[in-house]
Amino acid sequence: MRILLTFIFSCFFPTCVFSQFAFTVIGDVAKKSNHDIIFFTYSNGINTIQDSIQIKNNKFSIKGSIDAPTVITLYNNSELIDDGQSAIGFFIEPSYTTYITINPQNMLNSEIFGGTTQKEYELMQKRLSSLNFKEITNQLNHFSSEKEKTTNSIELSFISSKIDSLSYEYKKLKLESVQIRIEFIRENPSSYVSANALQNILKQSEGLQIIDRIQSLYNNLNEKIKNSTVGTQIKQELQYFYGSKVGAYAPDFSLIDQNGEILKLSSLKGKFVLLDFWASWCAPCIEEFPHLKTIYKNNSDNLEIIGISRDENTEKWKNAIQKYELGLWKQLSLKENENTELEKQYFVNAIPVKVLINSDGIIIGKWRGGGAENMR
């Protein structure tokens, strides 16, 4: 059995040439397992490849072509879900064979024998290993589960305080993680690992707090790295960030709304506009709907809200609009406007995100994440 799902981004210019080189991953399964297929995903610089390969006699082999060192991620499930044990990511290189011994029950226990870039990646991971994310994450999951089952007010207060304390410690670890990776990037400007790490930091809320430092680190990268696929992506993402930050003119768009009508942002000039990036499966997004309704009802003469859904299933999107009574304001689906780059233009990497635009079309507020702090 072989599944192939390839998302192709075509090059329309005849002079556009990509140098592709073969890579191989040879795998062994460490112990007997019920898993007979390994799923994987990687980018070859032109396409994002999602595929699978069958395990035969506890062995498998993955072959393909890439234009530069890149991360390949192996999964033990067809949904490509990583729950902390179901996936392993590592660097593959052009014209190189990487060997891996996997444990499908816990992919993180895999052994990888890779090239120079993988060894650089392992050096960075060794520095990060001092941060005890796993213990704090396990405790957070435990207390969150207990909170759902508890009805006693005293116990609930205690559990909530523990969650707050652990969340604070988790945020501190994330900041430490960013600083460790920044130091690695500074020391290794010629490494593809540095470019990959810099791109990941840029997409985190912690990274956005030090955007000038990220720009400086990008400027300091080796020219070969800057001109690589990941390097050009970082350059573009930085442009999207600066083009959608507070003080910038809001990128215009013209998209189809839930009623099949064209919704053009610039046509709303003269009013304040709040863009709300959400999805039906996003609990923090849903928690904020009552607050949004209050804001809208108190300011509807001078305020337009545009809900922008990430839902892949448009029926779930439409059902959520009805269930939460969101038809009060304009709604549109990214799925129903598949060619839009709206999320990129507004530098939305995770939801919820809200963008407030004034009557002159200038962004005057941008909020990421949920919670009481973003509902003021």
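## A buried lysine and its partner

Lys226 is buried, with a relative accessibility of 14%. This comes from a predicted model. The side chain of Lys226 forms a salt bridge with that of Glu223, at 3.1 Å from N to O. Helix H7 (residues 223-226) holds both Lys226 and Glu223. They sit 3 residues apart, about one turn of the helix.

## Other salt bridges

How many salt bridges does a search of the whole structure find? The search finds 16. One of them joins the side chains of Glu183 and Arg186, at 2.4 Å from N to O. Both residues belong to helix H3 (residues 153-187). They are 3 residues apart, so about one helical turn separates them. An α-helix has 3.6 residues a turn, so residues three or four places apart point the same way. Glu183 is partly exposed at 29% relative accessibility. Arg186 is partly exposed too, at 43%.

Another salt bridge brings together the side chains of Lys293 and Glu325, at 3.7 Å from N to O. This pair links distant parts of the chain, 32 residues apart. Lys293 is in helix H10 (residues 289-299). Glu325 is in the loop between helix H11 (314-323) and strand E14 (330-333). Lys293 is buried, with a relative accessible area of 16%. Glu325 counts as exposed, because its relative accessibility is 54% and the cut-off for exposed is over 50%. Elsewhere, salt bridges link Asp276, Glu288 and Lys354 in a network.

## Strands and a surface patch

Which way do strands E2 and E5 pair, parallel or antiparallel? Strand E2 (residues 21-29) pairs with strand E5 (residues 59-66) in the antiparallel sense, over 8 bridges. Here Gly27 stands opposite Phe60 of E5. E2 also pairs with E8, this time in the parallel sense, over 7 bridges. Thr24 stands opposite Thr97 of E8.

Strand E8 (residues 96-102) also contains Tyr99. Tyr99 is partly exposed, with a relative accessible area of 44%. Together with Ile26 and Phe113, Tyr99 forms a nonpolar patch on the surface. The accessible area of these three residues together is about 290 Å².

## Helix H8 and its cover

Helix H8 (residues 229-243) has 15 residues. At 1.5 Å a residue, H8 should span 21 Å. The C-alpha atoms at its ends are 21 Å apart, which agrees.

Which residues of H8 are buried? They are Val230, Gly231, Ile234, Glu237, Leu238, Tyr240 and Phe241. Their cover includes helix H4 (192-202), helix H5 (205-208) and helix H6 (211-219). H7 and helix H12 (342-345) are also included in that cover.

## Pro251, beyond the helix

Where does Pro251 lie? Pro251 is in the loop between H8 and strand E10 (254-256). Is Pro251 buried or exposed? Pro251 counts as buried, because its relative accessibility is 18% and the cut-off for buried is under 20%.

Pro251 and Gly231 are 20 residues apart along the chain. Their C-alpha atoms are separated by 23 Å. Leaving aside residues up to four places away in sequence, Pro251 touches Gly243, Leu265, Gln345, Tyr346 and Ile363.

Conventions: Residues numbered from 1 in each chain as written. Predicted model: local features only at pLDDT ≥ 70, side-chain atom pairs only at ≥ 80, totals over all residues. Heavy atoms only, no water. Patch = residues over 30% accessible without salt bridge, like charges linked within 9 Å, V, L, I, M, F, W, Y side chains within 5 Å. Areas by Shrake-Rupley, 256 points an atom, 1.4 Å probe, with all protein chains shown as cover. Salt bridge = Lys/Arg side-chain N within 4 Å of Asp/Glu carboxyl O. Helix = DSSP H or I, 4+ residues; strand = E, 2+ residues; numbered from the N terminus. Buried < 20%, exposed > 50% of the residue type's maximum accessible area, 1.4 Å probe, protein only. Pairing = 2+ DSSP bridges. Expected span 1.5 Å × (residues − 1). Contact = heavy atoms within 4.5 Å.
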